[in-house]
Amino acid sequence: MKLSDTCAPHPKLLKVVVMNDLHLVAPGTAAPRMDTAFRFATALKSAASRHKDAALCIFAGDIADQAEPDAYRMCDQMRRSYPVPQCVTLGNHDDRDVYLDSLQDTVTDSNGYVQCAKDIKGHRLLILDSSEPGELRGGLPPRKVEWVAEQLANAKNVGLKV
């Protein structure tokens, strides 16, 4: 018997799966260090078998290694197999324009950043796009900081924890 068989989850427990630094390359392209598509497929399969009860899965940046459109499309196709709500955001290896041009169903904020706010079980989660052209480590320009401040103020006004 597993522990999960004997204990019901607490109603306020917030289970979030985070997958980051996928560094996918376009299909048919050799990855520099490892088969990133195979590793991502393995992670998705594991998450589907162990964490299908998660409230959210965040794909947290560096989706593609070289911001290749086919790598973004492959990620989008592969992640559809994971049956939980999802949010994608970008990191310093990603290119926002290429990502947005490559896919049909993307989520952006009012400023065009690939980021979102999710309200789950009385909490507000902010998933931030850290991709900034010319910035090696990403960044938070004033428009992103303003968005965060607005989201936090709104969450407080409606009684959510942040």
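Exposed here means over 50% relative accessible area, and buried means under 20%. By that rule, the face of helix α5 turned away from its buried side carries the exposed residues Pro142, Glu150, Lys156 and Asn157. The model is predicted.

**Confidence**

The mean pLDDT of the protein is 88. A value of 70 or more is reached by 88% of its residues. Among the elements, strand β1 (residues 16-19) has the highest mean pLDDT, at 96. Helix α1 (residues 3-6) has the lowest, at 50.

**Helix α5**

Helix α5 spans residues 142-157, 16 residues in total. From first C-alpha to last, α5 reaches 22 Å, close to the 22 Å expected at 1.5 Å a residue. Its buried residues are Lys144, Trp147, Val148, Gln151 and Ala155. Seen down the helix axis, these buried residues fall within an arc of 100 degrees, so they line one face of α5. An α-helix has 3.6 residues a turn, so residues three or four places apart point the same way.

What do the buried residues of α5 pack against? Their partners are α4 (96-102), β4 (116-120) and β5 (123-127). Just after α5 comes glycine 159, with a positive phi of about 80 degrees.

**Strands β2 and β3**

Strands β2 (residues 56-60) and β3 run parallel, joined by four bridges. Cysteine 57 has glutamine 86, in β3, as its bridge partner. From β2 the chain crosses through helix α3 (residues 69-79) to β3. This β-α-β crossover is right-handed.

Strand β3 covers residues 86-89. Gln86 and Val88 point one way from the strand, while Cys87 and Thr89 point the other way. All four are buried.

Most residues other than glycine have a negative phi. Aspartate 21 has a positive value, and so does lysine 121. The table sets out phi, location and relative accessible area for each.

| Residue | Phi | Loop | Relative accessible area |
|---|---|---|---|
| Lysine 121 | about 50 degrees | between β4 and β5 | 45% |

Terms used: Residues numbered from 1 in each chain as written. Predicted model: local features only at pLDDT ≥ 70, side-chain atom pairs only at ≥ 80, totals over all residues. Heavy atoms only, no water. pLDDT = per-residue confidence, 0-100. Helix = DSSP H or I, 4+ residues; strand = E, 2+ residues; numbered from the N terminus. Buried < 20%, exposed > 50% of the residue type's maximum accessible area, 1.4 Å probe, protein only. Pairing = 2+ DSSP bridges. Right-handed = clockwise from strand over helix to strand, strands pointing away. Expected span 1.5 Å × (residues − 1). Arc of directions from axis to C-beta. Contact = heavy atoms within 4.5 Å.
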